[in-house]
Amino acid sequence: MEALELYIHIPFCVRKCLYCDFNSHPGGPGEHEAYTRALIREIDWWGRLTGRARVATIYVGGGTPSWLNDSLLEEIFAAVKRNFALDQAAEISLEVNPGTATEKTLLAYRRMGINRISIGLQSANDEELALLGRIHTFSDFLRTFERARAAGFANINVDIMTGLPHQTEDKLKKTLQKLTMLRPEHISAYSLMVEPGTPFYERYAEDVARRDRGEGTTDLPDEALDYRLYDLTREFLIGRGYGQYEISNYAREGFACRHNLGYWERKPYLGLGVGAASLLMDSFPGDGGGGRRPEGLRTPAYPNIRFSNIKETDHYIELWEAYDPSRQEGPDEILADAPWIDPKTIQKLTCREAMEEFLFLGLRKTGGIREADFLDAFGLAIDSVFGPVIESQRRRGLVRREGGQIALTKRGIDISNVVLAEYLP
């Protein structure tokens, strides 16, 4: 197998935020320990199956991974190092929420080999933080950021959100000013998504419906203001030395997140833990390395199988507690007979579907995609598959094409959901 990216899911948090639809819940110490044991069993299982595959990046997300006791995180990282061959320069990220990481724990993370911290700020405005249901204040964030620097972290990401209820350009600008004064290496700026099943949806569902209809809103920014908030973020951060390398991500030179780039470039990744998703080659040790490839596809094959683990933490723990570690699955049993994998999520991508993903994901990067990479992956020129769509978008000023690269224009980024959807059936 080529070098993998690992995603490790820690589903625990102090309290679920009002907008959050991620697979997370508080959980107590006993559940934390039981989950860690189950997760380590899964890590051992995949380590044996992949023959100690090489790993280029690790991302530990949640939930709030920093809410897990650092001794349990240490056991998880020991299992990863025992089962996989980490690149010497591997990027290893951990999500941290303000107020959940002490000087001691941050130093412990450094000893584990973690070299990148992602801190969930969301806003520098305490009123907005309270509205979101966050457990911290801006002062709490500052203390966490300063502790991370003191512990030796030279690669820090900070998450912020735009499109918040009652947010104005002035409020957002103050958040950006306070944040950029700290000079984090990376900033992720995501627009608030009001998802069904969350307290925010119950509160703002009518506003979302009105915005979708192009009507005026009361609490949430309308579509025009939403665009202005996005443009303000982009122009402000670029003006402060941050390069926009993806629709929602900005970094100082040399600090683009390698793990997230792997998602957008369709590199194979393995999701470990409850609800974690994977994208792998349909080929495992023991099947001769051939796998099942679309007719006429030349090697090397593209990653073409997606699946996710089950989402219920208690069931995940029960299954791994009952699993016999001496069992030896054959290559045809790997997914079908692994009960912690949700069978409804197993998808064998066709060649066409993988090509669509190549465009849909790759064009999120501001640098776009390389036509040569498409040819290498699929053995076909990109124009033979998507030529009419690309040319139509070029004529409408939505993409630019030069030097073997295809990328969204500023106008294309502004309506990226519409542009990218044109590559799907």
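Buried, in this tour, means a relative accessible area under 20%, exposed means over 50%, and partly exposed lies in between, with a 1.4 Å probe and protein chains only. The structure is a predicted model, in which local features need pLDDT of at least 70, side-chain atom pairs count only at pLDDT 80 or more, and totals for chains, interfaces and linings use all residues. Residues are numbered from 1 along each chain as its sequence is written, and side-chain values use heavy atoms, with hydrogens and water left out.

Please select D231 and R234. Their side chains meet in a salt bridge, at 2.3 Å from N to O; the term denotes a side-chain nitrogen of Lys or Arg within 4 Å of a carboxyl oxygen of Asp or Glu. Both residues belong to helix α8 (residues 223-239), where they are three residues apart, about one turn of the helix. Helices (H or I, at least four residues) and strands (E, at least two) are DSSP runs, numbered from the N terminus. R234 is buried, with a relative accessible area of 5%. D231 is buried as well, at 18%.

Next, select D342 and K344. The closest N and O atoms of this salt bridge are 3.2 Å apart. Is K344 buried or exposed? K344 counts as exposed because its relative accessibility is 74%. D342, by contrast, counts as buried, at 15% relative accessibility.

Continue to D373 and R370, whose side chains meet in a salt bridge of 2.6 Å, N to O. D373 is partly exposed, with a relative accessible area of 32%, and R370 is partly exposed, with 39%. A network can then be displayed by selecting E206, R210, R213 and E215, which are joined by salt bridges that share partners. The count of salt bridges in the model comes to 30.

**Third stop: aromatic pairs**

The tour now turns to rings. A pair of aromatic rings is described by the distance of the centres and the angle of the planes. Rings of Phe, Tyr and Trp (its six-membered ring) pair if their centres lie within 6.5 Å; planes under 30 degrees apart count as stacked, over 60 as edge-to-face, and the rest as tilted. The model holds 20 aromatic pairs by this rule.

One of them is formed by F141 and F145: this pair is tilted, with 5.9 Å centre to centre and 45° between the planes. Helix α5 (residues 138-150) contains both F141 and F145, four residues apart, about one turn of the helix. F141 counts as buried, at 0% relative accessibility, and F145 is buried, with a relative accessible area of 3%.

Now select F386 and Y423. Which kind of aromatic pair do F386 and Y423 form? The pair is edge-to-face, with 5.7 Å centre to centre and 75° between the planes. It links distant parts of the chain: F386 is in helix α13 (residues 383-395), whereas Y423 is in the segment after α15 (416-421), 37 residues apart. F386 is buried, with a relative accessible area of 1%, and Y423 is buried, also with 1%.

To see a cluster, select W45, W46, F307, W320, Y323 and W340, which ring pairs link together.

Select R240 and F236. R240 lies over the face of F236, at 4.0 Å from the ring centre. A charge sits over a ring if NZ of Lys or CZ of Arg is within 6 Å of the ring centre and within 35 degrees of the ring normal. R110 and F153 provide a further example, with R110 over the face of F153 at 5.3 Å from the ring centre.

Most residues other than glycine have a negative phi, and most peptide bonds are trans. Select G62 and G63, where the peptide bond is cis, with omega near 20°. G63 is found in the loop between β2 (54-62) and α2 (70-83).

R52 has a positive phi, near 55°, in a residue other than glycine. The loop between α1 (29-50) and β2 is the place of R52, which is partly exposed, with a relative accessible area of 42%.

Finally, select H166, in the loop between β5 (156-162) and α6 (169-180). Phi of H166 is also positive, near 65°. H166 counts as partly exposed, at 42% relative accessibility.
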